[in-house]
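Hello,

Here is the structure for your review. Please open it alongside this message.

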Amino acid sequence: MKERICQQQERKTVMMGCWMLNESVSVILALSWLGVNLYLFIDTFRWYGEEESFFYTRVILGSTLAWARASAVCLNFNCMLILLPISRNLISFIRGASICCRGPWRRHLDKNLKFHKLVAYGIAINATIHIAAHLCNLERYHLSQSAEAEGLLAALSKLGDTPNESYINPIRTSHTNTTTELLSTIAGITGLLISVALILIMTSSTEFIRQISYELFWYTHHVFIIFFISLSIHGAGRIVRGQTPESLLLHNVTFCRDHYAEWQAAAQCPVPQFSGKEPSAWKWVLGPVVLYACERVIRFWRFQQEVVITKVVSHPSGVLELHMKKRNFKMAPGQYVLLQCPSISSLEWHPFTLTSAPQEDFFSVHIRTAGDWTRALRKAFEEDGQTIKEPRSLPRLAVDGPFGAALTDVFHYPAIHIALHWDENTDVITGLKQKTFYGRPNWNNEFRQIAYNHPSSSIGVFSCGPKALSKTLQRMCRVYSSADPRGVHFYYNKESF
């Protein structure tokens with residue numbers, strides 16, 4: 001019994017080692033992202049907790065000042081990253097031009113959507129912390145104006161009531177309605193817009209919503225425009241204020257904080273002056289926003305290019321085959337394109353793998369009816385629900401791409417194995433020499449045979465199919481990869497749009 005337990009533990013250790021070997025780049029990238037977030041949060045938290053210019057602000061707000069500012073910096077950092085993984089032309093350029101992204105290493109570029117989701121979770125977490133901290137700040141601002149406030153806290157809150165004074169507390173009276181006051185400021189209005197936009201984007205991105213209504217997911221994702229505009233001007237209100245550098249030279253905080261009653265009279269303790277920090281979020285997101293804007297300009301330019309539909313074939317099981325031509329269109333095996341049909345939707349672009357060979361004078365896609373858009377497309381190409389329309393009456397299509405995908409790396413591996421059953425006789429059902437198999441393949445036998453035939457090799461496994469199959473193949477890659485760097489290694493590649 002003990003021997004069996006030891007074997008199981010040893011097998012799990014080997015599988016974990018293989019997983020780390022296969023996913024090392026992704027793990028390093030995720031840990032680096034987490035490390036930068038932690039560094040920015042801790043460093044900003046400590047700075048606002050110790051910085052002399054924000055001493056009086058901390059008297060009113062306490063530690064929630066640091067919580068709000070630290071989460072804001074991490075929020076800016078993640079908003080800077082969120083657009084990069086969905087810049088398809090940038091990823092295709094890196095895939096084709098970067099020397100460091102050759103062979104198995106390049107497959108990690110196909111996990112761009114996973115990284116996009118990871119960054120989105122980071123935005124959601126930091127936004128939640130930021131909102132909660134500022135709600136506490138708003139309540140503390142209000143309490144410091146109450147009759148119960150006394151001492152230094154009361155003195156600070158009264159600053160700004162007389163000429164030549166600058167305020168530190170944006171809530172000017174205890175009778176002020178904090179909600180009304182908040183929604184009358186730039187920070188409050190933009191903060192509300194950011195929160196609503198983020199909630200809409202996050203909730204509509206769930207797998208359940210995408211499956212029942214991809215259009216809802218697509219349209220709500222475009223409120224990111226409102227999100228980024230609001231984020232860029234969010235700090236313009238400058239609600240959180242600190243002591244100015246000029247005031248710090250004249251007003252010694254260490255000495256004057258205990259002599260607040262003498263601020264008006266004592267020359268060594270003049271009234272402190274305060275101002276808000278300049279907004280910085282736009283500096284974080286400007287580069288990625290410009291880059292993504294260029295991405296959309298390229299898409300618009302390609303949208304204007306003419307696409308000629310040369311052939312339409314209606315296959316069983318709701319599959320539509322389209323043959324198209326486009327000027328200067330060049331493709332490689334395994335790439336995909338984005339299709340738009342303006343008569344159905346002027347915003348929606350949907351990805352489809354190219355099914356034609358590069359040497360052919362056309363490019364083709366096979367579209368399975370699986371949702372509202374594909375159903376509408378099939379209906380637009382059919383005359384009476386069965387026959388295809390005449391070429392002159394077919395709807396216009398726009399094509400963006402081609403873009404690189406996991407399948408483009410299939411020829412970068414030293415050996416190619418295709419599981420076929422072949423003999424001189426033809427199949428009784430299809431009439432082909434490729435035999436029809438019923439049921440699931442025996443993946444253990446397949447992987448065991450490939451590992452035996454190609455020792456000390458890097459073997460790519462490519463998948464485009466249901467999640468159950470994907471999980472099985474990924475597990476097989478871990479099971480049959482050697483823990484020895486000199487042994488056989490299976491690298492799993494899943495097509496992801």
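My notes on the chain follow, from overall numbers down to single residues.

**Ground rules**

This is a predicted model: local features need pLDDT of at least 70, side-chain atom pairs count only at pLDDT 80 or more, and totals for chains, interfaces and linings use all residues. Residues are numbered from 1 along each chain as its sequence is written, and side-chain values use heavy atoms, with hydrogens and water left out.

**Overall**

The chain has 18 helices and 10 strands. Both are DSSP runs numbered from the N terminus: helices are H or I with at least four residues, strands are E with at least two. Of the 497 residues, 42% are buried. Buried means under 20% relative accessible area, exposed means over 50%, and partly exposed lies in between (1.4 Å probe, protein chains only). The chain exposes about 27900 Å², and carbon and sulfur atoms supply 61% of that area. Accessible areas come from the Shrake-Rupley method with a 1.4 Å probe; for residues, only the protein chains shown count as cover. Now contacts, meaning heavy atoms within 4.5 Å. Among those between residues at least 6 apart in sequence, 71% join residues at least 24 apart.

**Strand β4**

Start with β4, residues 319–326. 7 of its 8 residues are buried, so the strand is largely enclosed by the rest of the structure. It pairs with two strands; pairing requires that DSSP finds at least two bridges between them.

- β3 (residues 307–315) runs antiparallel to β4, with 8 bridges joining them. Isoleucine 309 stands opposite methionine 324 of β4.
- β7 (residues 363–368) is also antiparallel to β4, joined by 6 bridges. Leucine 322 has valine 365 of β7 as its bridge partner.

The β3–β4 hairpin has 3 residues between the strands. There, serine 317 takes a positive phi near 65°.

**Valine 319 and arginine 378**

Valine 319 lies in β4. It counts as buried at 17% relative accessibility. Leaving out residues up to four places away in sequence, valine 319 touches Val313, Ser314, His366, Ile367, Arg368 and Arg378. Threonine 369 is 50 residues from valine 319 along the chain, yet their C-alpha atoms are separated by 6.3 Å.

Arginine 378 sits in helix α16. Is this arginine buried or exposed? It is buried, with a relative accessible area of 15%.

**Helix α11**

Which residues of α11 (residues 214–221) are buried? They are Glu215, Phe217, Trp218 and Thr220. Their cover includes α9 (186–204), α10 (207–212), α15 (281–304) and α16 (372–381).

**Positive phi in loops**

Two residues other than glycine deserve a line each.

- Arginine 238 has a positive phi near 50°. It is placed in the loop between α12 (224–233) and β1 (241–243).
- Asparagine 328 has a positive phi near 60°. Its loop runs between β4 and β5 (336–340). At 68% relative accessibility, asparagine 328 counts as exposed.

Best regards
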